[in-house]
Amino acid sequence: MATTSNALPELLEKLREKQALIGVVGLGYVGLPLCLTYAEQGYRVLGLDIDQAKTEAIEDGRSYIQHIEAGRVQQARTAGRLEASTDFSRAAEADALILCVPTPLNQYREPDLSFIRDTMTSLLPYLRPGQVLSLESTTYPGTTEEELRPLVERRGLVIGESFFLVYSPEREDPGNAHFNTATIPKVMGGSTAACTEVGVALYEQAISEVVPVSSTQAAEMTKLLENIHRAVNIGLMNELKPLADRMGIDLYEVIRAAATKPFGFVPYYPGPGLGGHCIPIDPFYLTWKAREFGMHTRFIELAGEINTAMPAYVVQKTADALNDVGKPLKGSRLLVLGVAYKKNVDDMRESPSVEVMELLRAKGADVQYSDPFFAAFPPMRSHAFDLTNTPLSAEVLASFDAVILATDHDAFDYDLIAAHSRLLIDTRGRFAPAARIVRA
Ligand SMILES: NC(=O)c1ccc[n+]([C@@H]2O[C@H](COP(=O)([O-])OP(=O)(O)OC[C@H]3O[C@@H](n4cnc5c(N)ncnc54)[C@H](O)[C@@H]3O)[C@@H](O)[C@H]2O)c1
């Protein structure tokens, strides 16, 4: 075991020589690809999770995430570079511990750090000198110093001397064909200069570019800035959507035209609302922390207000379109296309499609869904639909009073949908405006 005095050079060498055992805690959308990235770069990796189904799947060489090929898990297993376990005492074996556990909002829309705290409680007895702990979960500035550091210090470990603490936000974009864990630059800030040095050594072998910043707080805030930037700009487009609609202007045409400007404009698109684990949630981590400093984050609040109103707008447009053909929402048969929160992923967290379905059902509509990524409507924390996937065909489409395109998966046959839907509500700008096609 490393002693206090030689902890830094020994750990640096292990990381640089790829002799370090990399522990990844939380094997979800972020943790699993991170395990594979390290294993593929020649490190040995130990994945830890409380969910035995995940650790068993990894041990069996299976993937439980649609866009991650089982072959990658099998290869890492065959090479003897990947193990997974629910036994947290094994954390003592790891030289690095990277935390990728959830950071949701609670029912009052305040940060819920319980997953981080529970993970730390499980890990604490097994922390030892000569380790680096990196938090990757999205969170408010100050979490690493205020929540993690005191826990580690209480164990008698000296940050920057015998133990190293960094924050490095995950920028995983599931389903992105152009970037993956290894090729997305990694922002990282350490608790001390020595921690930053260790953080660089931890990530530089596995990730194409490491971007060190001056503190853990700066790294935490960087992630929030990225997601706030998206939430606010999408909110702006969602504000312009009903206006453009009322003015008879095609907003998608306008955005595409504006995007031909080679500088100073970044295209964002409106939609049925915000979904996913990040964009609808992360900005409010900063809103919450800002109150401690007597500040209000008005752009964030306003974007949140506009974005969360979008499902109701889609429902209103659907009701209006049905009304035009002499039908009330109540009793109408409606098909929602796409329940994932964004296209080409098997992730429904915070999906606005589900909110749209809830609102339609509350109005008495008979709502079905079609999504090739979900054979059955999965159990969700606050939504329940006893439904299975409706495969698309000309007859099926024509049997519904209206079809609502909520998530524009590439797998959908858009010509078939356009040809056979009696009424088509398009929340993604996928179809050119036409008779029977309503933008919402
Ligand atoms: N999904 C993304 O695309 C994405 C992108 C960037 C950042 N993030 C952030 O990364 C973090 C993880 O997100 P995710 O999407 O991978 O979540 P996830 O829900 O897919 O995975 C989290 C994993 O942590 C495990 N877990 C929960 N409690 C635990 C505990 N006490 N000990 C050990 N494991 C535990 C769960 O079983 C699960 O396997 C979040 O903070 C999220 O905001 C996610």
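Helix 12 (310–324), strand 9, strand 10 and strand 11 (402–405) are among the elements that cover the buried residues of helix 13. Those buried residues are Pro352, Ser353, Val354, Val356, Met357, Glu358 and Leu360. Just past the end of helix 13 sits glycine 364, with a positive phi of about 95°. This is a predicted model.

**The whole chain**

How many helices and strands does the protein chain have? The secondary structure comes to 15 helices and 13 strands. The C-alpha trace spans about 80 × 50 × 40 Å along its principal axes. A compact globule of 440 residues would have a radius of gyration near 22 Å; the chain has 24 Å, which agrees. Of the 440 residues, 52% count as buried. The accessible surface is about 19,400 Å². Carbon and sulfur atoms hold 53% of that surface. Among contacts with a separation of 6 or more, 68% join residues 24 or more positions apart.

**Around helix 13**

Threonine 318 belongs to helix 12, one of the elements that cover helix 13. Is threonine 318 buried or exposed? Its relative accessible area is 0%, so threonine 318 is buried. Leaving aside residues up to four places away in sequence, threonine 318 touches Leu329, Leu334, Leu360, Ile404 and Ile425. Leu360 is also one of the buried residues of helix 13.

The loop between strand 9 (333–337) and helix 13 (352–362) holds asparagine 344. Glutamate 350 lies in the loop between strand 9 and helix 13 as well. Each has a positive phi in a residue other than glycine: near 65° for asparagine 344, and near 60° for glutamate 350. Most residues other than glycine have a negative phi. Asparagine 344 has a relative accessible area of 22%, so it counts as partly exposed. Glutamate 350 is partly exposed too, with a value of 36%.

Proline 372 is found in another loop, between strand 10 (366–370) and helix 14 (394–398). Its relative accessibility is 47%, so proline 372 counts as partly exposed. Not counting residues up to four places away in sequence, proline 372 touches Asn389, His409, Ala411 and Phe412. The C-alpha atoms of proline 372 and glycine 80 are separated by 34 Å.

| Residue | Relative accessible area | State |
|---|---|---|
| Threonine 318 | 0% | buried |
| Asparagine 344 | 22% | partly exposed |
| Glutamate 350 | 36% | partly exposed |
| Proline 372 | 47% | partly exposed |

**Helix 10**

Helix 10 (residues 283–292) is mostly covered. Of its 10 residues, 7 are buried. Which residues are buried in helix 10? They are Pro283, Phe284, Tyr285, Leu286, Thr287, Lys289 and Ala290. Their cover includes helix 6 (143–154), helix 8 (216–247) and helix 11 (298–308). Glycine 294 follows helix 10, and its phi is positive, near 70°.

**Pocket and cavity**

The second largest pocket holds about 350 Å³ of space. It is lined by 20 residues, and the closest to its centre are His67, Arg72, Asn176, Phe179 and Asn180. Which helix gives the most to this lining? Helix 2 (residues 31–40) does, with 3 residues. By class, the lining of the second largest pocket has 7 nonpolar, 8 polar and 5 charged residues.

The largest cavity has a volume of about 50 Å³. Its lining is made up of Pro169, Glu170, Arg171, Thr181, Ile184, Pro185, Lys186 and Ile207. Those residues divide into 4 nonpolar, 1 polar and 3 charged.

Key:
Residues are numbered from 1 along each chain as its sequence is written. This is a predicted model: local features need pLDDT of at least 70, side-chain atom pairs count only at pLDDT 80 or more; totals for chains, interfaces and linings use all residues. Side-chain values use heavy atoms; hydrogens and water are left out. On a 1 Å grid over the protein atoms alone, a cavity is a set of points where a 1.4 Å probe fits but cannot get out, and a pocket is an open set with protein on both sides within 12 Å along at least five of seven lines; lining residues have an atom within 4 Å of a point. Grid points are joined across faces, edges and corners, and a volume is the space filled by probe spheres set on the points. Helices (H or I, at least four residues) and strands (E, at least two) are DSSP runs, numbered from the N terminus. Ala, Val, Leu, Ile, Met, Phe, Trp, Tyr, Cys and Pro count as nonpolar, Asp, Glu, Lys and Arg as charged, and the others, Gly among them, as polar. The radius of gyration is taken over C-alpha atoms; the globule rule is 2.2 Å times the number of residues to the power 0.38. Buried means under 20% relative accessible area, exposed over 50%, partly exposed in between (1.4 Å probe, protein chains only). Contact means heavy atoms within 4.5 Å. Accessible areas come from the Shrake-Rupley method with a 1.4 Å probe; for residues, only the protein chains shown count as cover.
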